[in-house]
Amino acid sequence: MTRFARLLLLLSLASNLEAKDADIIIKNARIIDGAGNPWYRGEIAIRDKRIAEIGNLSPGTTAPIVIDAAERYVTPGFIDVHTHCEGDFAKNPEAESFVRMGVTTVVTGNCGSSYADLAKAFTSHTQLGIGINMASLVGQGTVRREVMGNRNRDPVTTEIEAMKEIVAQAMRDGAVGMSTGLIYTPGTYTKTYELVALAGEVAKYGGLYATHMRSEGGEIEKAINEALEIGRTNHMPVEISHFKITSPKRFGLSTMTLQMVEEARKAGQDVTVDQYVYTASSTGINTMLPDWAVEGTTTDVQNRVKDPQQRAKIVESIIKSRRDEGGRPSLAYAFVSNFKADKSINGMNIVEIAKKWRNSDTWEAQAETVADIVTSGGASMVFHSMDEGDVRNIAAYPWTMFASDSGIREMGQGVPHPRGYGNNARVLARYVRDTGLLRLEDAIRKMSSLPAQRFRFFDRGVLRPGAAADLVVFDLAKVQDDSTFEKPHAFSRGFDYVMVNGDLVIDDGKLTGKRPGQILHGPGWTGANTASSTAVDHGAKGVVPSKANERTGTKSGRKRVSTTRGTGDGGRGSGGDRVGADRRDGRQPRRSPDAAKGPYPTWDAPEENRYLRPF
Ligand SMILES: [Zn+2]
């Protein structure tokens with residue numbers, strides 16, 4: 001080889017090295033940055049799980065994978081802040097029902113129900129490998145059950161202290177905040193002062209308070225005020241979950257309830273809301289029973305409904321609350337979605353089932369039918385209880401996020417609410433494209449940068465250099481939520497490429513089976529290497545209360561400092577890589593001596609057993 005030829009070879013090798021400087025390039029894209037700005041044309045280069053360049057790439061940039069977006073929109077991956085994924089990743093680690101509608105991050109642990117041990121759950125999810133990113137709240141109901149069981153009484157001091165410590169530990173384990181489900185036991189038994197005390201622990205670590213309120217109909221003003229009070233007392237952000245109006249007598253009230261949120265913001269309180277864009281809700285049948293009937297275990301509840309005297313009272317209460325107070329013409333708004341004892345009634349409403357089982361459609365027959373279902377093992381339900389006007393009103397509010405309120409759907413299982421397959425697609429198809437309620441860029445903002453800011457995922461939810469490479473490529477003309485109440489088991493369409501941390505989980509419309517998801521830890525996370533994460537005296541040696549500007553770590557001597565409360569991201573962006581490390585050494589047992597008496601129902605119980613109070 002001549003000198004000249006050798007030089008040429010070296011040069012071409014060098015340029016090859018230089019040329020392969022991205023992992024994936026997306027070209028011919030209409031880029032929507034997620035911050036609400038208008039789309040613009042450009043290219044995106046992905047390198048090492050992050051967006052390396054955007055707009056006009058450096059000349060000569062190449063990558064082994066080049067995606068031609070062909071004028072489709074490229075947006076940040078959607079962040080679904082209200083989900084119930086406990087236990088679901090084990091069955092469906094790729095989370096197909098979510099990625100098929102563009103969701104790349106979920107926040108689970110909502111409505112008061114979470115994993116009891118978040119550190120353990122995060123480790124097992126990391127070991128399993130998950131298709132999308134996951135963060136979690138700590139559920140107040142879960143914590144209370146651990147300490148007190150499903151009991152209708154106030155806690156004694158030692159119980160309050162035990163619950164506070166579990167909440168604090170969950171924050172150190174990486175929870176993003178605390179959730180409540182105040183229409184479900186034991187949330188119904190929990191008074192405001194107790195919630196203030198527990199939420200105070202969350203505030204110390206910079207977390208937020210997310211709440212399924214005590215009422216979403218008749219007493220919604222009171223319920224909003226309670227949420228605001230908890231946030232105000234603790235100087236912490238409040239997220240009102242699945243904001244809605246459920247009582248026919250109160251349809252149209254969303255204008256006033258949104259005004260309450262606005263007034264609170266004007267007064268200096270950090271409060272936002274989220275919503276699923278359907279006029280039906282979904283939960284367990286026990287929510288139709290009165291408070292007193294649902295205390296204790298599933299067997300306790302069933303025994304009460306079987307007792308003739310108590311059953312008569314329950315039937316009376318169902319009629320009174322729905323017909324007399326709620327203004328409903330019948331229970332035809334209540335559909336059974338999953339009744340294990342007799343699948344033939346799945347998809348039927350209570351009136352239809354009353355006719356089938358009791359040959360009658362009187363109010364008494366309908367309420368008795370509800371009681372029959374409860375004594376036969378219960379069922380999950382879909383309640384067509386809202387008004388489209390309120391749904392649109394709330395969707396249009398600038399600080400509303402879109403969230404599914406769903407777990408990972410299992411194809412063919414039951415007749416679940418379609419939101420788990422379609423929520424984000426429905427926002428784009430129905431409320432952006434077909435009815436023009438929302439501008440596309442604004443709808444995307446509400447699914448990306450708004451939830452990212454809210455839950456402190458500061459390196460996500462936007463398409464900017466340095467941000468985590470979670471993104472979606474879709475054709476707005478083709479996006480559709482095919483899942484319906486009648487036939488829910490259908491994935492959304494139109495999302496051709498979905499990328500999570502720089503890996504394609506949907507490639508040209510096909511699920512790749514890759515699992516690039518990370519655990520996203522909350523602001524109080526003490527990190528993977530703090531073996532002695534048992535520092536209970538956080539007031540003195542551990543975390544300094546929130547108003548201080550500096551925060552120290554745990555007894556292990558590892559020190560973390562954040563400039564202000566809530567911005568202590570602690571390297572969370574890349575933190576997922578470190579989750580697998582063992583940090584359970586020396587941990588104190590979570591259960592209080594009282595709780596050890598169990599067994600109490602766990603929050604891994606079937607859905608219908610978790611939800612135990614009427615709305
Ligand atoms: Zn809820």
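Trainee: In this predicted model, at what angle do helix α9 and helix α14 pack?

Mentor: Helix α9 covers residues 254-266 and helix α14 covers residues 388-396. Their axes lie 9 Å apart, and the packing angle is about 25°.

Trainee: Are α9 and α14 roughly parallel or roughly antiparallel to each other?

Mentor: The two helices pack at an angle of about 25°. Angles under 35 degrees count as roughly parallel. The arrangement of α9 and α14 is therefore roughly parallel.

Trainee: Which residues of α14 meet α9, and is the crossing left-handed or right-handed?

Mentor: From α9, the residues taking part are Ser254, Thr255 and Leu258. The residues of this contact comprise two nonpolar, three polar and one charged. The crossing of α9 and α14 is right-handed, and the α14 residues are Asp390, Asn393 and Ile394.

Trainee: Is Ser385, in the loop between β16 and α14, buried or exposed?

Mentor: The loop that holds Ser385 runs between β16 (380-383) and α14. A residue counts as buried if 20 or more other C-beta atoms lie within 10 Å of its own. Ser385 has 21 such atoms and is therefore buried.

Trainee: How do α7 and α8 cross, and at roughly what angle?

Mentor: The axes of α7 and helix α8 (residues 220-234) come within 9 Å of each other. The crossing is right-handed. Its angle makes α7 oblique to α8, the value being roughly 45°.

Trainee: Which residues of α8 meet α7?

Mentor: On the α7 side, the residues are Thr192, Leu195, Val196, Ala199, Gly200 and Ala203. The residues of the contact of α7 with α8 divide into five nonpolar, four polar and two charged. The partners in α8 are Glu226, Glu229, Ile230, Thr233 and Asn234.

Trainee: Which residue is joined to Pro186 by a cis peptide bond?

Mentor: Pro186 lies in the loop between β10 (177-181) and α7 (192-204). The omega angle of the bond is about 0°. The residue joined to Pro186 through this cis bond is Thr185.

Trainee: Which elements do the buried residues of α4 pack against?

Mentor: Helix α4 spans residues 118-128, and its buried residues are Leu118, Ala119, Ala121, Phe122, Thr123 and His125. Just after α4, Gly129 takes a positive phi of about 85°. The elements packed against the buried residues of α4 are α2 (88-91), β8 (133-136), β9 (138-139) and α6 (157-172).

Trainee: Which residues have the most contacts inside the largest nonpolar core?

Mentor: In soluble globular proteins, nonpolar side chains tend to be buried together. Here the largest nonpolar core has 127 residues, and its largest share, seven residues, comes from α6. A second, separate core of 31 residues includes Val301, Leu331, Ala379 and Met381. In the largest core, the residues with the most contacts are Ile44 and Val167.

Trainee: Which residues does Ile44 touch, not counting residues up to four places away in sequence?

Mentor: Ile44 is one of the residues with the most contacts inside the largest nonpolar core. Not counting residues up to four places away, Ile44 touches Ile26, Ala29, Ile31, Ile51, Ile54, Val74 and Leu463.

Trainee: What is the phi of Arg456, and where is this residue found?

Mentor: Arg456 is found in the loop between α17 (449-454) and β18 (471-474). With 23 other C-beta atoms within 10 Å, Arg456 is buried. Although Arg456 is not a glycine, its phi is positive, at about 65°.

Trainee: What value is the phi of Asn501 near?

Mentor: Asn501 lies in the loop between β19 (495-500) and β20 (503-507). Asn501 is buried, having 25 other C-beta atoms within 10 Å. Its phi is positive in a residue other than glycine, near 50°.

Trainee: What percentage of the residues in the protein are buried?

Mentor: The secondary structure comes to 19 helices and 21 strands. Among contacts between residues at least 6 apart in sequence, 77% join residues at least 24 apart. Of the 615 residues in the protein, the buried share is 54%.

Definitions and conventions: Residues numbered from 1 in each chain as written. Predicted model: local features only at pLDDT ≥ 70, side-chain atom pairs only at ≥ 80, totals over all residues. Axes fitted to C-alpha atoms, helices over the stretch in contact; angles between N-to-C directions. Helix = DSSP H or I, 4+ residues; strand = E, 2+ residues; numbered from the N terminus. Parallel < 35°, antiparallel > 145°, perpendicular 65-115°, else oblique. Left-handed = near helix turned anticlockwise from the far one by under 90°. Contact = placed C-beta atoms within 7 Å. Nonpolar A, V, L, I, M, F, W, Y, C, P; charged D, E, K, R; others polar. Buried ≥ 20, exposed ≤ 12 C-beta atoms within 10 Å, placed from the backbone. Core = buried A, V, L, I, M, F, W, Y, C linked by C-beta atoms within 7 Å.
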